[in-house]
Each structure stands twice: as structure tokens, then as C-alpha cells.
Amino acid sequence: MSKNSNNNRNQDTIFVKTTGGGKNAPKQIHVAHRRSQSELTNLMIEQFTLQKQLETVQAQQQQLLAQQQQLAHQTGQYITNNSNNNNTGNNMMAPPQYNTNLGSPNVSGGNRSRSHSRNNSGYHQNSYDNNNNNNNNNNLTPNYHRKTGSQSSVYGHSRRHSLGLNEAKKAAAEEQAKRVAGVNELPTNVDVRVETASPDMSSTEQSSFKFPAAPVPPQQHRRTNSNLSSPSFKFPPAINTPISAPQEDDFIQTSSTHRRSKTRNNEQSPGINSNWRNQSQTQSQIQQQQQQSPYRHRQTNSKDYNSFNNLEPPAFFPGHYPRGSNTSVHSFTSNNGGNNGRRSLFAPYLPQANIPELIQEGRLVAGILRVNKKNRSDAWVSTDGALDSDIYICGSKDRNRALEGDLVAVELLVVDDVWGSKKEKEEKKRRKDASSQHDIIPLNSNDDYHNDASANALSTPFLAPRANSDENSPISPRKGANLDFLNDKSPTKSSIKRRNSLKQRPTQKKNDDVEVEGQSLLLVEEEEINDTYKPLYAGHVVAVLDRIPGQLFSGTLGLLRPSQQSNNDGKPPQSPKIAWFKPTDKKVPLIAIPTDLAPKDFVENADKYADRLFVASIKRWPITSLHPFGVLVSELGEINDPNTEIDSILRDNNFLSNEYLDMKDPTKEKAIFQALTISEEDLAARKSFTNREQYNIMAISEKQSLSEFAIHVRNKDESTIELGCHVVDVTSYIEENSSLDRRARKRSSGVFMPQKSVELLPRAVNNSITLEANKESATISVVYDIDINSFQIKSTWIGESVIKPSTLLSIDEIDRRLKSAKIDPYISLVKNIATSLYATRINFPEASLEPALSLFESLDDEKVKVDLNIFDRSLGFSVINELQRKVNSTVAEKIYEKLGDSSFLRRQVQPISTKIASFKNKVLKFGINIDITSTDTVIRSILDIEDPDIRVGVEILLFKTMSRAKYFVAGKVDPDQYGHYALNLPIYTHFTCPLRRYADHVVHKQLKSIIRGVPYSEDIDSLKITSEYCNFKKDCAYQAQEQAVHLLLCKTINDMGNATGQLLTMATVLQVYESSFDVFIPEFGIEKRVHGDQLPLFKAEFDTGSRILELHWQPGVDSATFVPADEKNPKSYRNSIKNKFRSTTAEIASMELSSNSRASVSDSLAKEFADLHLSVPQLRLPEKNARVSDPLDQFLSTAVTRKEDDNCIQEIHELQKIPILLRAEVGMALPCLSVRALNPFIKRE
């Protein structure tokens, strides 16, 4: 916050213009400055509530007065309206005295303010107490601190000021200007405009604060349009159309958020959507939990709890279910004795009814919360463009029990206040770790010792001097710098504890990083923050507005928390009441499971369950508990069992895959799910494409034999080519709102993994409606007339049709024909059309379909035929995919033209300006200039990079700045936000894949209503709910696919390196930090981080100017067999690893080069790959050099090394190719991949 704003805090009410926001966003937003620590204080809520209550009271008084006057006229009595006359007559009933001081605290009651645990953003006990008997309307004084005048806090942190939305934008603009200028003072040429409101809108006193009346039309915050459907925040009810379902259909729609138990929708149930923040449980609630848990202590204990008898499947969503604002006033007010004497650790949530208006006023911001996977106590909130940077949430208390993916309301805080709090916590953590690991953790350092991937090297901004350096050397240290750590020039001395600039992470942090970095294909990258580059925005969560229903988590069960297990003397309690569920997903918090809901013998035989995976769900999270409480849903099986691991991935990503199963025989689907038969009259009314002499229709299959898309190409006349694209008319085969339709809507998306596929529709329905050769099928067709020379589209026809394909081709077969020496004229023409469409889309006339930016394009849709390498994309796939994109964009234009606000579309927002600018700067340091003006300029700049490894590396960095595409309803988003950035299209939707995406069903219904000329009936709010749920399941399907690919990749790498324990291959360095660096391994399509503290190094020095990392190696120590000292103790993850290090680096190099890069896998894995139609990856080995006979020296030929005295130094440059050791760590809940750099000084000279 600027000094001027501090000085003028109490002078005028300030309004600032908005710079963004969604539809109906306010033109200017009020920025209030109060003397209390937080903007969102008790006074705000009291005044807000009082204002509403006063308006209600006045309306009631006017109504009573009118009734009395009418009564007086009817009886002939006269009623005076003289305000000075308090006695209106004996027959006049005085208006009742309403309590207008409902929001004032009951000072005599001794109740303390219920303010936020970190910034006093809470509420008094009696703020909403309708039984307050104090009728003194002037008594509006909140419970201020006796000395400071600030409101009291029972949570500890104080003196943190909150900001209005645009006040925060101003502060962020000032911070950005400082960064650009590179100084600590705001440049004078930065124009940060603040506009003072007109006098009638201003308010200079706290006591005179009044919320302005809602404008007409009601103006909403940008996020309000897509997440808060109305100022009262009421989600529309699900459409309930009477349907005649068979009696054996047990799929029942419910309104419960958690639909896995019939008791969870009760108001007394401790479910999340009820009052899940209650601090106490009644005996009846405990009994309900016991009934809900499959682990009921009975004589029999089945291991499969996923049947309909034990676990009711979640019925149709309806989407993100809102947390009811009427659950209990106890949820957000103080209550004597309500906590059973336990201290509140979190602040109660704001009442839901007030939040939309607070968002409209600019006092809150809504967004999606994203947990920082590398440091789960922190999080970020993405506001979908309302702010030009994500909001930083510091610590679990500021996150306030919100989970990954929640739609939250955030109050913005002054960044410096939040940063100071973060530094305090880090210092406490440092001292705690230093006390246990004093040999490697410095006690008196300002470094973030948990983070060895900082690129700023604030603690060591210069390279350590070389042995022969002098004062005039360009890399010599500054004069006056502290060089105490360089007194011993020989790195072989054992007295070095800090090990100079080599950061040593605590053991627990190492263990954590192994899982976090090892269980993903690409590294998770969050915005780097430090004292120089603080976050632009900071805040804390004041309410969870929306949470995806029915979330399940897989993980392991233990009697001790991980922090207790790391202690050598950690022993389980004698009679534990709680078992701890550790989710596989590191972003999910530990879940407390009552031991009476665990397996019967768990307490006595906890070790027996250590290697078993369970599934759990969260039930409640009291404000008095650091962890949520939950129940076990099922037991999956052994950790390293392939089927168990796949089931775990599906459960973690909310796919139960039981929507169509027969409850009597879960191995089969219900026979009642069949496709409808289309009448002969309907088929006759459609346009026919069945004449083979005119139409040579080719059905396309992406995987197995299912086909939903077909094309035909023919010469219509001398100047025109006709391209027809035909999509299965799925909505003609499925009755709307039938049981089958609702179940498909609940599954929402198919899941395609190398090992297993989960289809959207039942098998019988798929087999019935799939396109086949010589079979007539009902379709919806989009037919283009294309100029034969320029390939420009002349005209378009859209309508219902019937087709009869002449052939069925797979994507692989199309790819083979395209690459064959014998040219297929039909396929070649299709390719030329697709290439022209692609060149038009990216505005690049010379564009070719190869190379493709597969990772960039995956932001919209996942693959169906999954490859082991995520960067692999065949030419055949690119051809068909480009045709489908054109059809999708054409349909999007059509439905938007006819349906307007009801259009069901898909968009991908452009990256936040700070992220795309950071990407440009990173790549510029590679010597590559990326034009970030627009999507097409970005794509062209990347395609111009000739080196394929570097091009993919740049694509990875770009990918990390992006968010995935989302479905939306046109009426909920501003038209300038409709665009699909990644595809460079102004409007887009999904239409061409109805057999695997339910969103396509919605678009089909909309398009058919246009074709048939009938009104489209579904309302916008219901469509919005559908879009949000489809987004959730679409992202889940993508994550499940990525995790399954990683699982198979780990299995492959472990099998390939089975003889030696690990693989030796060449990798490209992407980014360099002060004690680590990132590498890209092309043949596997993975990005991993090499940590200096896991290598035999003395130190590592990073030069921020040249971006060169110097590794000072211990000569003669092999990286392949080196084990750091702290990883030898029982605390280390290494104890759980089952596959051990076997061979030295020299042995690995000799074995790989002798096999001439032919990867050797076991017969069983080779057969599995053949069944999955996958090929075994080929290792990238160094180029052969006839003059180098030693295999190890061939790998080290690209290493840049030097010796200075007894210092053995290797230089790591960005984009350099270096040898690395890659291995799969098998033994944890999910296998992990880890990498190490090769020691170039392994041979002592």
C-alpha cells in the first residue's frame, strides 16, 4: 500500500475504475480505508446486515401504516400522520418496536469477537442474534480493543490490512513498475489513476458507511457471472422431467453433495454440505458415520465396498453444489461452549447470502483455489482474468480449509503484511529443522533452504572466486563481501557445514519432493516469490462458495502422522481413537479416520495394512481441527498390484465406473441400457448420403472399433470440392432425461488410459450406434463447398442426415497411408484440405501439419489413442483432428448466432500477462525471441525453432503458463472472453465426439433445436451447472490419463533398467537454478529436476548473469551408487524403495552402448506393449566417436569441465545436452521417477 493511501485513509471515500471483469461488472469499485486491521470486519458485516434489516423494517412499517389507514377509512376513524404526535388515538395500534440493533455485540454477555485467526476478519457472536433485547438503535459500537481501538482477536495474528479489489490492483501496478525499473522506488512516470467519486457517493466516517443500492441491471463481479448465478447465490434446481423408467432402475436423483450415503443429506448428518464445521458430534451422528462406513465391526468384512448396497453412487451432480447459507448460524458466529473448550484454529466462513453483494462491491474476489504442490501450506487463487496475477494464499490458516479446485471467496490483504507473516513462519521452521539437522541446516541464514530451485540466488549473487581469480576478474566477488566461507580453498576439508552455496534440504522435504516431482510427467512450476519478487496479490479465504461433490481419495492408512513417523522414537498411542489416512495426491490434506470406522484389526495389526491402498472421503472439517475428518469407502488392494494402481488412479480422479453395472452382478452391465430405434419416417426425412456412386464415406476409428466421425470428399464441379463431416446423432438414440441420459451425464467423460478405458456410454449402446462399413446410421452433417485452388470455404450446410460408410479406417491406418510411398489420392486430398485449414487457423500460410505442438494443443482435449510419450502425435491424427476442429468452430458459430446467451461453448483464456512475460524472458535467455503479441505469433515463433528438443522444451515452458480450456455458457461470460487462445479461434465448442464427451450431447441438442426450428428449453443457469460439472470431469479424465501414462512409464523404465538398477541417457537442460537444474528427456517425454544435495558435490555456485551453474564434484565418487548421509537413516524415503542400486556408471554405459541403443525389456512387458499397440522407447545415446573407445567417455563428451587446484568443476548451461541417470523408485503408493547427473570426475587422475 502506498504512503499516500495511508496518509489519506480517512479523508475521502475513493472509487477506482475497473480494468477488467466479466459481464455486468461494476464500472468503479469502492475502496474503503478503516482504522481496524481488516476491511472485512465485524463492523462491515453488522452494518451490512443492519442496512438490510432496516430496509425490511421500514417496508414492514409502511405496510402496517397503510393497513391501518385503510382500516381507519373503513371504520370512519381518522388517523393523523403528525410525526410530533406519539399518541395516535385509542383505537390506533402503534407499530411494533422492531429491534434494529441486531448486529451490535452484547458487551455485557462477555462473548469475545469471533474474528479471523489471522486478520480479525470475523464477526461478533450476536451479529446475527435475533434475540438481542437491546433496543437502543444508536448503540452500534463494535467490540474494539480497549487500548488500540481495533477489534479483538482470539486467533493471534493482527495488524493486517485488507484491500479493495482496485486498491490491490493499484498496489500491484506499483510493484510491477518497480520490478521493471529495477529500483525500490516507484518511477515517476508510472500512471496509477485513482478517481474520487461524486459527493453523493462518498462517505468519510466509519459509522456512516452504507452499502450502495444494487444497480439496475444488477452489476456483478466478473467471477459472479460464471460462479454466482444471482446476487442471492441460489443455484437453480435440477430439471426433473417425469420419465417412465423401468422398475429395476435404482438410479435416484438426490440433491446431496455427497451422494455416497443415504444419510448424508440429512441436516443432522455431519456431511460437508450440512453444517460440517460443527465442533461436536452427537452420539447419533457417530452412529450414522458407523453406518456409512464399510468398516463396520461385524463378523464379516468384505473388501469390496463399491456395490450399490454399500455405497450409493452419486446421482446427477447437479454440478458444483453450493454450500447452503442457512445451514446454521453457528457456522460463522461465536458460541460459548460450542467448541467443547477447544481453541478455534480457523475462522468461520462468511454467510453465503452476503457474499455476492460483497463481490459486486469489490470487497471480495471469487476464484478457483490451486494448492501449491511443492509447499502445500500455500496456495494460489486464479480469478479467471479479473486480476492480472493469481492471489497468493499464505499458510493453511489463510487457506481456511479450502481444497484443491474449490471456488472460494477471497479478501485481499496488503502483500507486505502477508509476506512478513510468511517470513516469521519460515524462521520458526528453520530453527526447528536446524535443531534436528544442525549439520546441514543453517541457523543464521536468510535463504529459503527448502527451495533449491531459486533462480535469483539472493544469498550468493556472485560466483565463488576461482583459485587464480583476482580483484579485476569479471566474476570476482564484490569488495567488502563476506568471504569467510572461502577461507579453506580446498573443498576436501571436512569442516564445511553450509557446503558453501549448495543448499541442503531437510530429509522430510527430500522425501516430499521425491513423490511430488516423481509422480508427474512434467514438473509443477509455481510463480517464484522471494523478498525481491513478492506476490502481486495476497489474501485469505473467507468462504468456500462451491465444491465438487462426491470427491474420493486413494491413499494409505497408519496410526501415526508422517511427521510422527519421521521421529525415531515415534510410537503409536496405546488406545488410539484416530487413524491417519495419507492421500496419494499430495495436494489433499491428511484425513482423520475414527478407529472404529477402520478395519476391525487395524489397531492391533497396523503394519499389516501399511502396503495396502484404501479409498476415503472427507466428511467434515471443524474449525477446531487442523485436519478434516472422513470415512473409509473401500479397500483397493496391495500397493504394487497393477490393477490396484489403476483403480487408485480412477478413484483419485472421481471415476467410480459403476454407473451402468448390475447390482446383482457387478461384473456385468445392466441389460436395460439399450439405444433407441430410429423410425423409418425419421430416417426418410433426413438428407441421404448413402449413394456410394456419389459419396465415398470413410468412417474414422481412433481406438478399437468404435467410430463416431466420418468424412467424404468429392469433386462437386470443376472449381469446387465438397467436404462432408458426419457425426453420430447420439441424442436420437438416447431419450432425453432418461436413466441412461442421467448416468451418462454423471460420468460426463470417458477416460482413456494405456492400460484401460472407461467409455462414456454402456457397451451395448456403443456397439449399437457406432459407425460401421455398409451400415446406415443417423448423423448430423456439416458439409463444406471448398474452392479447388485456394481451398477457401465457399458455403456451409448443416443438417440431419443418414450415411452408409463404405469403409472403416483407424487413425494408424490413415497415418500409414499418408507415409506410404504409394500415394492414396483420396487421403492425400483430405490432408491438403486439413493443412489449409490449419494454416488459416494459425494465420501462417506456409504452415505444415508437422511438427505439431501436441502439448500446447492438449490444453483443449486429451488423446483417445494414448502413446507412452505425451509428445508423440501422428500425422493421421493431426489430419482428422484439424477437420474436427473446423466442424466444432462452425457449429459454435451456428448455435451462438441462433441461441445467443444459451450457447454451450468452450474457451481457453489467454495466459496472465505476468506469466507470459516471464515465459518470454526465460526463452530470451536461450537466445530465442518469442513474439507474444497473439497466439499465431507465439505458434509461429516456436515452429521456427529448428532443434526439435529445444522446440519441445520451449513448448513445455509455454504450457506451464496456460490453463486448460473450459466449457461455459455464453450468457455468463463477456463476449470478448469467448476466444480459445490455444487454438487461435474466436469461438469454439465440442460437437464431434459424442461417444466420449457428454458436453457434445448438450451441443447436439442445441443444434438440433435450430435445425428443426423448435425452441430450446433448458435455462441458462442449468446449463451453467452442467458446464461446471463437465469441466471438472474433463480435467479429471485428463489427469487420470497422465497418471496412467506415468505409471506405465515407470514400469517400462524399471524393466529396461532391471539389470543395472537405472538407465543412462542424454537429456537437455531447460532451466538452471542455484542448487539444481531441470532436464528434458525426449525419448520418454518427461521433465525432471536434478537436485545438488543428492549428488557427491562439495558445493554449487550459480551466476545469475550468465545463468551458469558450477558443480564442484567429489572426484572418484560414482553418482550411480552414491547415497547422501541423511538418506541412510530411517527417516528417508529410501527405506521404502524395493529396487536397489546395482551397477556403477561405467557398467551401465558399457551395457547400453554394446546393445547399440536397442532397448531390452522382458518378454512379459514386450507382450503387454504389443497388446496395447505401443512401441518400446529407444534410449538417446551419444553420437559415436571412433577416437573415443571408453563407453563412459562417450557419454561425457558433451560435459563442460575444468580443474582449478583441487577443485573439480562442471559447468551446467541451459539447452546443453548432458548425460543423466534415470531410475524408477518402486515401493511407494505410486512409483516415482528420479534423475541424477553423471559425475564427470568419476575417474581419479
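## Lys1033 and its surroundings

The side chain of Lys1033 reaches the backbone oxygen of Asn654 at 3.5 Å, a polar contact (a pair of N or O atoms within 3.5 Å; within protein, one must be able to donate a hydrogen and the other to accept it, and residues adjacent in sequence count only if both atoms are side-chain atoms). Lys1033 lies in helix H23, residues 1020-1056. Helices (H or I, at least four residues) and strands (E, at least two) are DSSP runs, numbered from the N terminus. This is a predicted model, in which local features need pLDDT of at least 70 and side-chain atom pairs count only at pLDDT 80 or more, whereas totals for chains, interfaces and linings use all residues. Residues are numbered from 1 along each chain as its sequence is written, and side-chain values use heavy atoms, with hydrogens and water left out.

A salt bridge requires a side-chain nitrogen of Lys or Arg within 4 Å of a carboxyl oxygen of Asp or Glu. Leaving aside residues up to four places away in sequence, Lys1033 touches Asn654, Phe655, Lys746, Arg747, Ser748 and Ser749, where contact means heavy atoms within 4.5 Å.

## Salt bridges

Side chains of opposite charge can pair when their charged atoms come close. By the rule given above, the count comes to 60 salt bridges. One of them joins Lys422 and Asp378, with N to O at 3.2 Å. This pair links distant parts of the chain, 44 residues apart: Lys422 belongs to helix H8 (residues 415-436), and Asp378 to the loop between strand S6 (365-371) and strand S7 (379-382). Both Lys422 and Asp378 are buried.

Glu638 and Arg612 also meet through their side chains in a salt bridge, at 2.7 Å from N to O. Because Glu638 lies in strand S15 (residues 629-638) and Arg612 in strand S14 (residues 612-620), the pair ties together parts that are 26 residues apart in sequence. Glu638 is partly exposed, with a relative accessible area of 40%. In a further salt bridge, the closest N and O atoms of Asp1000 and Arg997 are 2.8 Å apart, and both residues are buried. Salt bridges with shared partners join Asp1000 and Arg997 into one network with Asp861, Glu862, Arg964, Lys966, Arg996, Lys1034 and Asp1035.

## The seven-stranded sheet

Strands of a sheet pair through backbone hydrogen bonds, either parallel or antiparallel. In this model, an open sheet of seven strands shows mixed pairing and the order S16-S23-S22-S19-S18-S17-S24; two strands pair if DSSP finds at least two bridges between them. Strands S16 (687-689) and S24 (807-810) stand at the edges with a single partner strand each, so one side of each is left without a neighbour in the sheet. From one strand to the next, the twist averages 35 degrees. Angles run from 0 to 180 degrees between N-to-C directions, with axes fitted as lines to C-alpha atoms, for helices over the stretch in contact.

Strands S19 (residues 720-728) and S22 (residues 777-787) run antiparallel and are joined by nine bridges. Thr720 stands opposite Asp787 in S22. Helix H22 (residues 998-1012) packs on the sheet, touching S19, S22 and S23, and its direction makes about 100 degrees with that of S23. Helix H16 (residues 825-841) lies across S17 (698-703), S18 (706-717), S19, S22, S23 (793-803) and S24, running at about 95 degrees to S18.

## Backbone details in loops

A cis peptide bond, with omega of about 0 degrees, joins Glu850 and Pro851. Pro851 is found in the loop between H16 and helix H17 (854-857).

Asn984, a residue other than glycine, has a positive phi near 60 degrees. Asn984 lies in the loop between strand S26 (966-969) and H22 and is partly exposed, with a relative accessible area of 23%. Asp1205 likewise has a positive phi, near 55 degrees. Asp1205 is placed in the loop between strand S32 (1200-1204) and strand S33 (1207-1212) and counts as exposed at 63% relative accessibility.

## Overall composition

The protein has 26 helices and 35 strands. Buried residues make up 58% of its 1245 residues.

Key:
Buried means under 20% relative accessible area, exposed over 50%, partly exposed in between (1.4 Å probe, protein chains only).
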